[in-house]
Amino acid sequence: MAALVAKKGHSVLVLEKESFPRYQIGESLLPSTIHGICRLTGAADELAKAGFPLKRGGTFRWGANPEPWTFSFSVSPKMAGPTSTAYQVERSKFDEILLNNARRVGAQVREECDVIDVVEDGDRVTGVRYTDSEGVERHAAAKFVVDASGNKSRLYKRVGGKREYSEFFRSLALFGYFEGGKRLPEPTRYNILCVAFESGWFWYIPLSDTLTSVGAVVRREMAEKIQGDPEKALQALIDECPKISDFLSPAKRVTEGQYGQIRVRKDYSYHNTTFWRPGMMLVGDAACFVDPVFSSGVHLATYSSMLAARSINSVLDGVVEENAAMQEFEARYRREYSVFYEFLVSFYEMHRDEKSYFWQAKKVTKASRPELESFVDLVGGVSSGEAALTSADALAERMQSHSKEFSDAVDQMGGTTGGGWGNLVSSSVVREAMAEGSKVQMQALLGEDAEDEMPLFEGGLIPSPDGLSWVHARAE
């Protein structure tokens, strides 16, 4: 976000609590992040030089089919060719490239600065108080404050509202890193591998030819499986999953450096009831997060940052009034979150191990009305454009229909990496999940030559030709 605002000539101050490079989870990226948002920021070329493993899609042992199946980004006509790939990244390296790029394009970056609180003038946020690297308390005035401090944000409450957690995705993850694990055959060697098993599912992300990020996601009610000695707990879950056990059979766990610790993360899906107030915005995990099974975390974080930058730029340039710009930011971000939420519910629904408590608990039924009503409020009550979602019953029917459509398409693929793509891509839930990312990529690649977009919402805004601001749609 800092780079996109600085590129428009505005003064930007980035206050970073840690000193880069530093550890972070969220290592499997989507094409729109690389070929869309990172190209808009100017960081795409540096990322291409970094030597990150090329990710062509995802491979899954999931659903009724006993054989793994592979999803390739290139099946989308809008992402064909060189923009049909992404990277598996070591976040310490990836994030440092983005931070240095923000510096390069004009943002002022101060590391080891811990933000204490916001400064207010009436209803408006006008700056922040923070301690610098020497522990000295300082004040920075700003026309806009953006909280991008993640799921552990201390500032998100300052926009008002509250954080609401999803019961559907209330899960825990236990994860570590291994050297020497097996790889999928070419051309899927660097795909993320996701494997469902009785207690939940595993991610297996190749970060290099030898280093692999491995994590088990289990439902909160099964927390006893990850209690006690984390080494033994992770190994017990690995032993429970034959595919991951086989892939790790020649590997050894990393026990030193940034990857030497086995970590736990909990409460995998939540949203705040408001994303902004005058002078302040929440982006990324500070605003919301959904289950990581389809690598949506970094996508939602970078996408929301782009939306926030457009809103800030258009207000500072006097092109759009603040309330309209901020409403566009929140409506689009909530819509994208809701699309991935629905996509992931459908994804979980297609797994049919009825004997497993984990998977039974993931079923969307009319008995889940409180969660469904909350979701309807989320996507239908804040200008989401999802007019069909008018009741919990309608949402249940929609999700069940999507999950059946999705699982049927996977079944027709027959466990191969070749045929059946048309059915999978034409399934409505996949189409919707890919749609906005494809538009961002086209905007970044074509710039002023890109086709004019229509507003997503009635009376809403559209991106400017350079993709860095909002403008009003032209009257026909």
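In helix α2, the buried residues are Pro-31, Ser-32, Thr-33, Ile-34, His-35, Gly-36, Ile-37, Cys-38, Leu-40 and Thr-41. That makes ten of the eleven residues in α2, so this helix is largely enclosed by the rest of the structure. Keep in mind as you look around that this is a predicted model. Just past the end of α2 you will find Gly-42, which has a positive phi of about 95°.

What does α2 meet? One partner is helix α4, and the axes of α2 (residues 31–41) and α4 (residues 91–104) come within 10 Å, crossing at roughly 35°. On the α2 side, the residues taking part are Ile-34, Cys-38 and Thr-41, while α4 brings Phe-94, Leu-98, Asn-101 and Arg-104.

Now let's move to the strands. Strand β3 (residues 57–61) and β4 run antiparallel and are joined by four bridges. To find your way, look for Thr-59, which stands opposite Thr-70 in β4. In a regular strand, side chains alternate between the two faces of the sheet. Is each face of β4 covered or open? Both faces of this strand (residues 69–72) are covered. Trp-69 and Phe-71 lie on one side, Thr-70 and Ser-72 lie on the other, and all of these residues are buried.

Next, follow the chain to strand β8 (residues 124–131), where Val-125 has its place. Is Val-125 buried or exposed? It counts as buried, because its relative accessibility is 0%. Setting aside its neighbours within four places in sequence, Val-125 is in contact with Val-118, Val-119, Glu-120, Ala-142, Lys-143, Val-145, Arg-277, Pro-278, Gly-279 and Met-280.

Finally, how confident is the prediction? The chain has an average pLDDT of 82, and 76% of the residues score at least 70. Two stretches deserve a careful eye. Over residues 361–396, pLDDT stays under 50, and the model has 70 contacts beyond four places in sequence for this stretch. Over residues 415–425, pLDDT also stays under 50, with 26 such contacts in the model. Where pLDDT is low, the predicted coordinates should not be read in detail.

Definitions and conventions:
Residues numbered from 1 in each chain as written. Predicted model: local features only at pLDDT ≥ 70, side-chain atom pairs only at ≥ 80, totals over all residues. Heavy atoms only, no water. Axes fitted to C-alpha atoms, helices over the stretch in contact; angles between N-to-C directions. Helix = DSSP H or I, 4+ residues; strand = E, 2+ residues; numbered from the N terminus. Contact = heavy atoms within 4.5 Å. pLDDT = per-residue confidence, 0-100. Buried < 20%, exposed > 50% of the residue type's maximum accessible area, 1.4 Å probe, protein only. Pairing = 2+ DSSP bridges.
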